[in-house]
Amino acid sequence: MAGILGLLLALDGLILMAAGYLNLGVVLPLAIGVGLCVLCLRWTQIHGGLRRSPRRATVWRWFWAGVSFWVATVAVFWCVLGFRASAGLPATAPAAIVVLGSGSPGDTASPTLAARLDLALLDAARHPDAWVLVSGGIRFRTYSEGEVMAAYLRQRGLSAQRILKEELSTSTEENLVFSRRQLVAAGVPLDAPIHVVTSDFHTLRAGLIARRVGYTAVSTLGAQTPLYLRYNIWLREYFALISSWALQEY
């Protein structure tokens with residue numbers, strides 16, 4: 001069983017890497033898969049060594065207890081993301097809809113960014129009086145991500161008069177801090193309801209950061225991650241949430 005699981009994890013990592021995805025959520029399953037395959041191939045030698053050394057056996061048991069605890073925390077995190085992703089659109093009418101950039105390098109919207117923008121268009125159609133603020137700076141591109149996002153929305157029929165642009169940010173925290181300044185300048189009260197649109201895996205962290213930087217009535221909307229990539233990206237976000245906590249972003 002462990003060998004089959006290891007083979008599946010290794011294949012998952014190799015296929016996604018071949019498709020151009022290279023992040024912790026892809027590399028870690030590959031490493032775990034290879035490790036499980038090696039474990040199965042050398043189980044007789046490993047088991048014999050553990051029988052001969054009680055100290056090694058104790059370390060071995062504690063190691064697998066730690067792995068089990070880690071897997072349990074990842075499962076809980078995935079359940080939280082899954083619950084948030086299935087919650088649907090919030091009923092509260094927002095004063096503004098803030099769309100977070102995804103850090104995509106090109107001068108056109110990546111699939112991840114396009115999914116966020118499509119969700120924002122759906123929310124904007126439900127709330128025609130809300131501003132739509134797109135947030136993303138210049139990184140590895142000719143135009144700011146904010147401009148790329150604004151162009152995408154305009155091409156799909158959203159009035160340019162409803163669009164605000166934030167074009168300096170390079171992180172989630174900066175997205176939200178700089179967007180808040182833009183909203184204040186546009187006359188949106190600090191306590192007004194705000195919808196923050198991002199990807200499903202990002203809703204928890206984005207919501208926590210938004211509240212810390214001053215959004216007092218924020219709701220997050222998450223665009224779905226494709227199934228073939230979903231759990232790899234959710235695994236990467238598990239570590240991103242820990243990193244944000246360590247950096248005191250929320």
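## Basis of the model

This is a predicted model, in which local features need pLDDT of at least 70 and side-chain atom pairs count only at pLDDT 80 or more, while totals for chains, interfaces and linings use all residues. Residues are numbered from 1 along each chain as its sequence is written, and side-chain values use heavy atoms, with hydrogens and water left out.

## Sheet and helix

The five strands form an open sheet with parallel pairing, in the order β3-β2-β1-β4-β5. Its edge strands, β3 (163-166) and β5 (218-223), each pair on one side only.

Helix α5 (residues 111-126) lies across β1, β2 (131-135), β4 and β5, and runs at about 175° to β1; such angles run from 0 to 180 degrees between N-to-C directions, with axes fitted to C-alpha atoms, for helices over the stretch in contact (heavy atoms within 4.5 Å).

## Whole protein

The protein has nine helices and five strands, counted as DSSP runs (helices H or I, at least four residues; strands E, at least two) and numbered from the N terminus. Of its 250 residues, 43% count as buried, meaning under 20% relative accessible area with a 1.4 Å probe, protein chains only.

Definitions and conventions: Buried < 20%, exposed > 50% of the residue type's maximum accessible area, 1.4 Å probe, protein only. Pairing = 2+ DSSP bridges.
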